[in-house]
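Subject: Structure for you to look at

Hello,

Here is the structure we spoke about, with the sequence. My notes follow below.

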Amino acid sequence: MPDLAFPSATDLLQVLWCPFDHEDGYVPRPEIYWRDGSLSDLQPANRPRPTGADNDYLPDPCVLHPERVTDYPNWDLPDEVADALEARFEQLEEETGWSYWSHLSVSDGVKVGGYPTWTQEPNWPTCPTCRVRMEHLLTISSNEFDGESWRTWLPIEDTPAMGTIWDLPYEQRTEIQCPPGLMLGDMGGIYLFECTSCSDRPFAYRSDCS
């Protein structure tokens, strides 16, 4: 990921999780590890399938094709800014059919950086050491787009030759909309945060799965 800021002497980020419900949020509990890839003894391994784990918490093997996009706040847009821009947002939608809130603000799907794709009120964690608001590191989402945001975030290569994504059979559409095969709550997500002010880079996570 070209814009991911690694701690000193590291060039590899591992994100692991326990695929059972954990409080807070009753979702898988993630752990992150920053490593020096040149010193690592990591070897290819079969995908683990812990006994009794929910299949919806076990991601399917897939290939990542990172794409840099510009992210604008949705739930995190300050009220005074939203009020000041309301007329312009309405004019834009009338003239183009594009909604700032549904199509032009925060990017959906699994992503590094940017703004969390909250479906409820923002819940940014504070570092327990320095008391500074932590930075968004990673979103792990159940889906790459929804009933509106597909107009912006559906990859061109997955766009049907005729009709829309919603005209495809359910199984085919689900493979495109949910490529990792995850279902976190009701199409929700898990957000990982880190403190870049502290040398040990503490992390926290939030869920938004209802």
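Two strands are taken to pair if DSSP finds at least two bridges between them. Please keep in mind that this is a predicted model.

Four strands form an open sheet in the order 3-4-5-6, and their pairing is antiparallel. Strand 3 (111–112) and strand 6 (203–208) are the edge strands, each pairing on one side only. Six bridges join strand 4 (residues 135–141) to strand 5 (residues 189–194) in the antiparallel sense. Histidine 136 stands opposite phenylalanine 193 in strand 5.

Salt bridges. The structure has three of them.

- Lysine 111 pairs with aspartate 71, with the closest N and O atoms 2.8 Å apart. This pair links distant parts of the chain: lysine 111 is in strand 3, while aspartate 71, 40 residues apart from it, is in the loop between strand 2 (27–35) and helix 1 (79–96). Both residues are buried.
- Glutamate 194 pairs with arginine 201, the closest N and O atoms again being 2.8 Å apart. Glutamate 194 and arginine 201 are both buried.
- Glutamate 31 meets arginine 29 at 2.4 Å, N to O. Glutamate 31 is partly exposed, with a relative accessible area of 26%, and arginine 29 is partly exposed at 32%.

Aspartate 167. This residue lies in the loop between helix 3 (150–153) and helix 4 (170–177). Its relative accessibility is 56%, so aspartate 167 counts as exposed, the cut-off being over 50%. The side chain of aspartate 167 reaches the backbone nitrogen of threonine 164 at 2.7 Å.

Regards

Terms used: Residues are numbered from 1 along each chain as its sequence is written. This is a predicted model: local features need pLDDT of at least 70, side-chain atom pairs count only at pLDDT 80 or more; totals for chains, interfaces and linings use all residues. Side-chain values use heavy atoms; hydrogens and water are left out. Helices (H or I, at least four residues) and strands (E, at least two) are DSSP runs, numbered from the N terminus. Buried means under 20% relative accessible area, exposed over 50%, partly exposed in between (1.4 Å probe, protein chains only). A polar contact is a pair of N or O atoms within 3.5 Å; within protein, one must be able to donate a hydrogen and the other to accept it, and residues adjacent in sequence count only if both atoms are side-chain atoms. A salt bridge is a side-chain nitrogen of Lys or Arg within 4 Å of a carboxyl oxygen of Asp or Glu.
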